[in-house]
Amino acid sequence: MKESYDALWENCLSIIKKNVNEKSFDTWFKPIKPIKFESDVLTIQVPNRFFYDWIEEHYLTTLKKSIYQVLGPNGQLEYKIVVDKNTQRQIEKPIDLSRIKNPFVIPGLKRSKVQSNINPKYTFDNYIAGDCNRLGRSAGEAIAKKPGGTAFNPLVIYGGVGLGKTHLAHAIGNAILAKDNTHNVYYQTTEAFTTQIVNAIKNNSIQDLLNYYQLIDTLIIDDIQFLSGREKTQDIFFNIFNQLQQTNKQIILTSDKPPKDLEGISDRLINRFKWGLTADVKAPDFETRLAIIEAKLGTDIEKVPKKVMEFVCFNIKKNIRELEGVLISLMAHANLNDESVDINLAKDVIRKFVSHENKSISVENIAKLVAEHFSVSMDKLHSNTRKRDVVTARQLSMYLAKNFTKSSLKEIGHHLGGKDHSTVIYSINTVKDLIHTDPLFKETVAELKKKVELSLMN
Ligand code: ADP
Ligand code: MG
């Protein structure tokens, strides 16, 4: 009898309602439909696997309580997951654009085509091969032939700043699209991904976001180290990841360190990251650096004597973006002053450009700079005081230490009053959020950054 299970679920809901806040209730319980009641088992239908996981993880006790009160001690709950079993059907389900306001879907196509965010500039053709990137490159090429159909799922590309991770990730995306432009490739930075999720939570549209991610065939998320300390984002990413993986979709991630060294990211996610292939990109050797620069310069190559190019490549070893920067700035100087590009000019530019490549600053010295700026004593900075200006100074010190030193979160916390690594992550994220929302604070941060940079040059 329909009324009976409807009524039973209604009773459960009225109990649940008393135990969860209104927003959660609307998000997680309203979409549930009761569909059957038979021998003490009430079956409810949830929109997808993610709902099920989320409810089990966050509302199990509340649910159990309500079932017990309504159905008695033998009462049981069974879930039925609707669309999950048949992803195909869900993909073809028309999207209610008026409700989603989804900026990424191009309407009017039979199968929703996702705007890829792939930069056409970064291809395999202009990605110079070398020992430094052999593994990632060949895995990428294999994936491009058969996205989702290789053992490299996920592919995690890791390595230092400016070594070509983003370029490689886009190259894979471009190669996939060149072969099949109906394939839904989607590139997103971790920062943008986090913002999407924060907004979806605010607007109660997590479900729409999840539906959207089910349209994707190849998902590329860049710089996953920034997931650190973002627990909600990690939760939701975990579920997106599982859904894509279960349906043999391709996942490509980049990171500044290998998964095992990522801090502030849940173990279950790290474990997932290790399922496929982890490939590193290293700093290129001299010949590869030269080849990269030659390729970048294109026809401009005539303007730079070979000797100068070699000189620059010899001196800048650890970051290709910096190498490019020096070359660009070199040519700009020469153009502007009508000078020829020679070794002396190159020396000048390198000095300005990579002023602090080999210099370093300690967490302690950063803390001193910040303390001075806020007229806070070092003792206070190291204490447990929760006074506003001290807390701000401490959080800023952590943020700058993360940016300007190679210290781990644990070490940073240790130097700043014995805080644990989660406090450090929390502080860094607080600073990042404030930079986005408070222009005055943003200025303060810029000022402090300049001070740190200055002290690096001296
Ligand atoms: P990362 O994401 O690792 O910080 P990027 O992918 O942004 O680095 O690379 C920095 C710059 O160096 C980009 O302009 C990129 O095109 C260039 N680059 C890096 N590796 C290569 C390569 N193997 N061949 C050509 N250009 C490269
Ligand atoms: Mg990058």
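Student: Which polar backbone atom is 2.8 Å from a nitrogen atom of ligand 1?

Tutor: That is a polar backbone atom of Ile128, 2.8 Å from a nitrogen atom of the ligand, and it falls under the definition of a polar contact, a pair of N or O atoms within 3.5 Å, where within protein one must be able to donate a hydrogen and the other to accept it, and residues adjacent in sequence count only if both atoms are side-chain atoms. Before we go on, note that this is a predicted model, in which local features need pLDDT of at least 70 and side-chain atom pairs count only at pLDDT 80 or more, while totals for chains, interfaces and linings use all residues. Residues are numbered from 1 along each chain as its sequence is written, chains are lettered from A and ligands numbered from 1 in the order in which they are written, and side-chain values use heavy atoms, with hydrogens and water left out.

Student: OK, and what lies 2.7 Å from an oxygen atom of ligand 1?

Tutor: A polar side-chain atom of Thr166 is at that distance, and a backbone N or O atom of Gly164 lies 3.0 Å from an oxygen atom of the ligand.

Student: How much of ligand 1 does the protein bury?

Tutor: Taken alone the ligand exposes 560 Å², and the protein buries 95% of that, with accessible areas coming from the Shrake-Rupley method with a 1.4 Å probe, where for residues only the protein chains shown count as cover.

Student: Which elements give two or more residues to that shell?

Tutor: They are α8 (165–179), α13 (286–297) and α15 (320–337), where helices (H or I, at least four residues) and strands (E, at least two) are DSSP runs numbered from the N terminus.

Student: And which residues come nearest, and from which domains is the shell drawn?

Tutor: Of the 18 residues around ligand 1, Gly162, Thr166, His167, Lys296 and Glu324 come nearest, where a residue is near a molecule if one of its heavy atoms lies within 4 Å of it. Domain 2 (134–280) and domain 3 (286–354) each give at least three residues to the shell, with bounds that come from an automatic or database domain assignment.

Student: Switching topic: how many disulfides does the structure hold?

Tutor: It holds zero disulfides, a disulfide being a pair of cysteine sulfur atoms within 2.5 Å. For Cys132, the nearest cysteine sulfur is that of Cys313, 13 Å away.

Student: Is Cys132 buried or exposed?

Tutor: Cys132 is buried, with a relative accessible area of 10%, given that buried means under 20% relative accessible area, exposed over 50% and partly exposed in between (1.4 Å probe, protein chains only). Cys12 is buried as well, at 0%.

Student: What about the chain as a whole, how many helices and strands?

Tutor: The chain has 22 helices and ten strands, and buried residues make up 48% of its 458 residues. Its C-alpha atoms fill a box of roughly 90 × 60 × 35 Å, taken along the principal axes.

Student: Where is there a cis peptide bond?

Tutor: It joins Asn153 and Pro154, with omega about 5°, and Pro154 sits in the loop between α7 (134–145) and β6 (155–158). As background, most peptide bonds are trans, and most residues other than glycine have a negative phi.

Student: Which residue has a positive phi of about 70° although it is not a glycine?

Tutor: That is Asp40, which is placed in the loop between β1 (33–38) and β2 (41–46) and counts as partly exposed at 33% relative accessibility. Asp223 also has a positive phi, near 65°; it is found in the loop between β8 (218–222) and α11 (231–246), and at 24% relative accessibility it counts as partly exposed.

Student: What reaches the backbone nitrogen of Asp223?

Tutor: The side chain of Thr254 reaches it at 2.7 Å, and the Thr254 side chain also makes a polar contact with the side chain of Asp222 (2.3 Å). Thr254 itself is in strand β9 (residues 250–255) and counts as buried at 0% relative accessibility.

Student: Last one: with which side chain does Gln196 make a polar contact?

Tutor: With that of Tyr186, at 2.9 Å; Gln196 lies in helix α9 (residues 190–202) and is buried, with a relative accessible area of 11%.
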